[in-house]
Amino acid sequence: MTAVAGLQELFTRNLRQSGIYIAFVAIVGLFAILTNGMLLSPGNMTNIVLQYSYILILAIGMVIVIIGGHIDLSVGSVVALTGAVSAVVVIRAGQPWWVGILAALAVGLLVGAWQGFWVAYVGIPAFIVTLAGMLLFRGLTLQVLNNVSLSPFPPEYQRVAGGFLNGFLGGQGIDVFTLVIAAIAVVGYAVSQLRSRRGRIKYRQTVETMPLFVLRLVLVGAVVMAFAYQLARSRGLPIVLIILGVLVIAYTIVTTKTVFGRHVYAIGGNLSAAQLSGVKVKRINFWIFVNMGFLAAVAGVVYSSRSNGAQPAAGNMFELDAIAACFIGGASTTGGVGRVTGAMVGGLIMGVMSNGMQLMGVDQSVQQVIKGLVLLLAVAFDIFNKRRVGASR
Amino acid sequence: MTRVPLLSMRGISKHFGAVEAIAGVDLDVHAHEVVALVGDNGAGKSTLAKVISGVLSPDVGLIELDGVPVTISSPSVAHDLGIATVFQDLALCDNLDVSANLFLGREIRTAGMLDDGRMEEITRQILRDLTSRIPTARTKLSTLSAGQRQSVAIARTLIGNPRLVVLDEPTAALSVAQTAEVLTLIERLRDLGLGVILISHNMNDVRAVSDRIEVLRHGRNNGSFGATASYEAILAAITGATHYDVPAHDGWSTPR
């Protein structure tokens, strides 16, 4: 076996993994053309980040749930409940903004522990537990809010989802700070990729040829810098993007570098094997749901901050967007397969499509049809790939 | 010669409801020895294996390791005692690579993070010791053949330097060439100084690698044979054509 893979071999072998990145680029390109470049305008790119951040945050937790072989249908209701609790604490009780955030996070953890208990220790399938949770937490939201909306939040709270870090380092209408942060991110990405490449070579695994590797780094770097440049020309670095970035990095490490993450994959891959190997299945399942509750609470804070209030119907159908993001991003319906970065790209594909169609003035009903078909195609592609691998064995 | 056996089981019984899976079974295994456990379906072989590996607790009976009585209350206790088991339904995760499978449930950590480099190093060392044909430590299990997966399952037992390895039907569903490969691995385990308990249906496999063959029938001992015993004699004991008294604790038992 050669140690270096050519472009064609790499393309066919990794079609499943690279497929969504190619699809993402294609979709961005398509809508950029269809909207006459409006999609990529500074204001709109900022908008996409703000508009889909909470779905992406939910998708981080959801992909871990799905890798573990479960599903969570309750996250939309949890977003509503945590936002409502935060609103009651801050708006009705007049507490400072950060007390509201802490209260929301505490409620999220409690919700997660509740669902984790039923799934892990009682053994009820997550589908049922979270379906019950969907009703339960929606009902509790109405109770907490007494069926009315609460608004507005104080300005500090609104900054969570609507604030920007801008002008720390100056710049003539182009925020230097945003560019510096983006450059640091690109360098960090390049270093980590280089290290992983060295590792693969050391263990005599196939890697791309050097020019191809450099090309990939340059492409990713260019895309990130172009994105940052557009943000810098608009309002600077959104605070919510920093939150999202920190979460993505943290959970990428959790899923790939910790025992917890390894065990989540093992449980989703072969439950009985994990059990026989001494993996503490119940404990892992419990924490998967506690974690999902926590991230749903973060999303709840971001969403309530963005909508500047808490509504009884907040977060409706968010669970479906988050689940769709995971499956489009390459997670397997049977568990054991999926990546945080994949789910992020999956979520962005959904986001760019919705945003692009809105800019084009496509009817809401048509948007739903198209999004439904894309989800179906993504999972069909996954199953097709699995059959192909199975047949070639 | 009175050698203290590595594992000594006396009067082990286990019942599930009204069904007696095993009743008063005795078994000795020494280091550097492959002991085959044979018997018809439902004879209690797998139940006995699960007792040894800590998956099941016996109702009564004494288990000694190196002459010291022990209680094997869970798989992780078994692992701590140096007992490793390959279960019939291959306890492997298809979605993980070879190294991750070998270390599943006992990962090596540095500063709280998985130490994949170190785990891969040990994996390659073990694969080399077993002279097995696995491409690399980072190969995904889903891309391996059935025989290679069995090799991984056996390699898995060597993590943490065990003294006793229990193999439950390791050659079921393998091709001839793959079976030969696994049998070679079993001999390698014996050469490494381990005690091996081999549970199998296949008389050819059993007679090829075993030093001693213990027959179970209806959950009871029904004869103990040397590797040179005739195929017919073993088969007769398995099917119940001959009955044996529960053997004296050393030496062969004689037909009634």
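**Pocket, cores and a buried glutamate**

Mentor: In this predicted model, the largest share of the second largest pocket's lining, five residues, comes from H2(B).

Trainee: Which other elements supply at least two residues of that lining?

Mentor: In chain A they are helix H5 (97-122), helix H11 (259-269), helix H12 (271-276) and helix H13 (281-306).

Trainee: What is the volume of the second largest pocket, and which residues are closest to its centre?

Mentor: The volume is about 810 Å³. Of the 42 lining residues, the closest to the centre are A:Gln275, A:Leu276, A:Ser277, A:Gly278 and A:Val279.

Trainee: How do the lining residues divide into nonpolar, polar and charged?

Mentor: There are 18 nonpolar, 18 polar and six charged residues.

Trainee: Why does B:Glu214 count as buried?

Mentor: Buried means under 20% relative accessible area. B:Glu214 has 7% relative accessibility, so B:Glu214 counts as buried.

Trainee: What makes the pair B:Glu214 and B:Arg212 a polar contact?

Mentor: The cut-off for the N or O atoms is 3.5 Å. The two side chains make their polar contact at 2.5 Å, so the distance falls within that cut-off.

Trainee: Which residues have the most contacts inside the largest nonpolar core?

Mentor: They are A:Leu58 and A:Ile60, in a core of 103 residues. Helix H3 (residues 42-67) of chain A gives the largest share of this core, 17 residues. Beyond four places in sequence, A:Leu58 touches residues including A:Val75, A:Met292 and A:Phe318.

Definitions and conventions
Residues are numbered from 1 along each chain as its sequence is written. Chains are lettered from A and ligands numbered from 1 in the order in which they are written. This is a predicted model: local features need pLDDT of at least 70, side-chain atom pairs count only at pLDDT 80 or more; totals for chains, interfaces and linings use all residues. Side-chain values use heavy atoms; hydrogens and water are left out. On a 1 Å grid over the protein atoms alone, a cavity is a set of points where a 1.4 Å probe fits but cannot get out, and a pocket is an open set with protein on both sides within 12 Å along at least five of seven lines; lining residues have an atom within 4 Å of a point. Grid points are joined across faces, edges and corners, and a volume is the space filled by probe spheres set on the points. Helices (H or I, at least four residues) and strands (E, at least two) are DSSP runs, numbered from the N terminus. Ala, Val, Leu, Ile, Met, Phe, Trp, Tyr, Cys and Pro count as nonpolar, Asp, Glu, Lys and Arg as charged, and the others, Gly among them, as polar. A nonpolar core is a set of buried Ala, Val, Leu, Ile, Met, Phe, Trp, Tyr and Cys residues joined through side-chain atoms within 4.5 Å. Buried means under 20% relative accessible area, exposed over 50%, partly exposed in between (1.4 Å probe, protein chains only). Contact means heavy atoms within 4.5 Å. A polar contact is a pair of N or O atoms within 3.5 Å; within protein, one must be able to donate a hydrogen and the other to accept it, and residues adjacent in sequence count only if both atoms are side-chain atoms.
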